[in-house]
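Q: Hey, can you walk me through this protein? I'd like the big picture and then some details.

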Amino acid sequence: MFQTIRGTFDILPDGADSAGSPVPSTAAWLHAETVVREIMARYAFEEIRTPILEPLDLIARGVGGTTDIVQKEMFTVERSKETYVLRPEVTAPVMRAYLQHALAQRGGAQRLFYVGPCFRAERPQKGRYRQFHQFGTELLGSADPRADVDVIANLRAIYDAFGVTGTRLRLNSIGDAEDRPRYRDALRDYFAPHADVLSETSRTRLESNPLRILDTKVPAEIALLADAPVMADFLGSEAADHHGDVKELLASLDIPFFEDPLLVRGLDYYTRTVFELESDALGAQGALGAGGRYDGLAEAVGSKSPVPAVGYAAGFERLFIALAAQGIVPATADKPDAFIVALGEDAERVALSIAQSLRTNGRSVDFSLDGKSMKAQMKAADRSGAGLTLILGQDEITAGTVIVRDMKTREQTALQQADVPGALNARLQFDPAASKSGKA
Ligand code: HAM
């Protein structure tokens, strides 16, 4: 028997359990994606779909060579002397697509969003998987602080639409690339006398990327952070103004946030604004969603001119954890409109053709392929959750009729077979738009 790979899970019609964590049903995933798409549309973000496989170099240069993602967590695929990577995130791929297709030529800033799987070889635990599913936005081609605020407002709006409470938005600015060397030096000077307290990882980071030490989860190191120099004191005047504008605009939209001078991100492309939305439901498992501005990414992946941009990504798995913690029950699948019970070979054949004509008319119909007895088939009809059961026995075949049973009231009426589609539509008040929309 084969099993799903560690850190991955199946999404099943009734939901499932993966290593002790519930995985919601397919219907719940679809509903969540629908809500995300609805809010994305309100903010005029257009959907982009990029490949799961991307060139290794794109990710290495985009996300950054000193990051955990690139150093330890990439799933790589070798093929004809090329190395590809299963995308660990979507920002660098979206930037690749923006440059490859010269999307700037569409005019104005490009508002893009995505929904789809990402892959990181992390140690699996609650809320942390090796294949996980992100939704996110990338607003490319604008340096305006309103763009930063727009993506944050969008992230906020999505969690509000789901009814998620108990969240906090952490905000910081890590300045422009030219502001950071001085800050790095200040951090090195500050931590160097405490090198004996630092973990091996942090000692390495002291050289390669001292900002990441601010991210530490080691208690002895956390104690050191209280007096560490903060980026705010090293921002250039433009980055400082930008940060001031972002905060003012967030306040003007009544979007609560708190400034966290220790917030640095695990990806190297960020400049200026960085943010994370955290939740009580997640504990140490990290953020519901996170992002920031990345004005240097385009050039890092080969563009001759800079493309100022800002975005975020958020994990569906963590959204579901937050929903479960609040007792919000995920959406369930639509039930079929009708279930057909047929007794005998003639009836089975007629049942198949009635099913087909109802389906052509836009109805969803199920029938039993096993249980031969009336009792077994009625049980299956019950289980299906269909509102109506159509019953066809030898008498009905002879008379050209069908019995329609309302599964709630248990009321039964006989109809001519030819009248079934019309009668059903009237009864179910057929509305194609309503049957397609998501539900709460
Ligand atoms: P990230 O912080 O690496 O940022 O991931 C964003 C979100 O993806 C996290 O907050 C979390 O909800 C989810 N996530 C990440 N790793 C896992 C995992 N192993 N298991 C479950 N969920 C996970 C980015 O990916 C950036 N591309 C965000 C961004 C977009 N910045 C600018 N634009």
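This is a predicted model: local features need pLDDT of at least 70, side-chain atom pairs count only at pLDDT 80 or more; totals for chains, interfaces and linings use all residues.

Q: Okay, how many helices and strands are in the protein?

A: There are 16 helices and 18 strands. Along the principal axes, the C-alpha atoms fill a box of roughly 95 × 50 × 50 Å.

Q: And what percentage of the 440 residues is buried?

A: Buried residues make up 49% of the 440. As for contacts with a separation of 6 or more, 69% of them are between residues 24 or more positions apart.

Q: Which residues touch the most other members in the largest nonpolar core?

A: Met 95, Phe 135 and Phe 191 do, in a core of 95 residues. Helix α5, residues 145–162, gives the most to this core, with ten residues. There's also another core lying apart from it, with 17 residues, among them Ala 338, Ile 340, Ala 355 and Leu 388.

Q: New topic: the ligand. How many residues surround it, and which are the closest?

A: It has 28 residues around it, and the closest are Glu 89, Thr 91, Glu 122, Arg 265 and Tyr 270. Sorted by type, the shell has 13 nonpolar, eight polar and seven charged residues.

Q: How many Å is a nitrogen atom of the ligand from the side chain of Tyr 270?

A: A nitrogen atom of the ligand is 2.6 Å from an N or O atom in the Tyr 270 side chain. The backbone takes part in this list too: a polar backbone atom of Gly 311 is 3.5 Å from a ligand nitrogen, and a backbone N or O atom of Tyr 312 lies 3.4 Å from a ligand nitrogen.

Q: How much of the ligand does the protein bury?

A: The protein buries 96% of the 650 Å² that the ligand exposes when taken alone.

Q: Which elements give two or more residues to that shell?

A: Those are β8 (131–140), β12 (289–293) and β13 (309–315). Strand β13 gives the most, with five residues.

Q: Let's look at some single residues. Where is His 133?

A: His 133 lies in strand β8. Its side chain makes a polar contact with the side chain of Gln 131, at 3.3 Å.

Q: Is His 133 buried or exposed?

A: His 133 has a relative accessible area of 13%, so it counts as buried. Leaving out residues up to four places away in sequence, His 133 touches Phe 9, Trp 29, Gly 116, Pro 117, Ala 314, Gly 315, Phe 316 and Glu 317.

Q: What about Lys 81, where is its place?

A: Lys 81 is in the loop between β5 (76–79) and β6 (82–86). Its phi is near 70°, a positive value in a residue other than glycine.

Q: Buried or exposed, that Lys 81?

A: Lys 81 is exposed, because its relative accessible area is 87% and the cut-off for exposed is over 50%.

Q: Which residue has a positive phi of about 45°?

A: That's Ala 102, which is not a glycine either. Ala 102 is found in the loop between α4 (91–100) and β7 (110–119), and at 31% relative accessibility Ala 102 counts as partly exposed.

Q: Last one: where is Ile 48, and what is it in contact with?

A: Ile 48 is in the loop between β3 (46–47) and β4 (53–55). At 13% relative accessibility, Ile 48 counts as buried. Leaving aside neighbours within four places in sequence, Ile 48 is in contact with Val 94, Ala 97, Leu 112, Phe 113 and Tyr 114. Take Leu 112: Ile 48 and Leu 112 are 64 residues apart along the chain, and their C-alpha atoms are separated by 6.2 Å.

Terms used
Residues are numbered from 1 along each chain as its sequence is written. Side-chain values use heavy atoms; hydrogens and water are left out. A nonpolar core is a set of buried Ala, Val, Leu, Ile, Met, Phe, Trp, Tyr and Cys residues joined through side-chain atoms within 4.5 Å. Buried means under 20% relative accessible area, exposed over 50%, partly exposed in between (1.4 Å probe, protein chains only). Helices (H or I, at least four residues) and strands (E, at least two) are DSSP runs, numbered from the N terminus. A residue is near a molecule or strand if one of its heavy atoms lies within 4 Å of it. A polar contact is a pair of N or O atoms within 3.5 Å; within protein, one must be able to donate a hydrogen and the other to accept it, and residues adjacent in sequence count only if both atoms are side-chain atoms. Accessible areas come from the Shrake-Rupley method with a 1.4 Å probe; for residues, only the protein chains shown count as cover. Ala, Val, Leu, Ile, Met, Phe, Trp, Tyr, Cys and Pro count as nonpolar, Asp, Glu, Lys and Arg as charged, and the others, Gly among them, as polar. Contact means heavy atoms within 4.5 Å.
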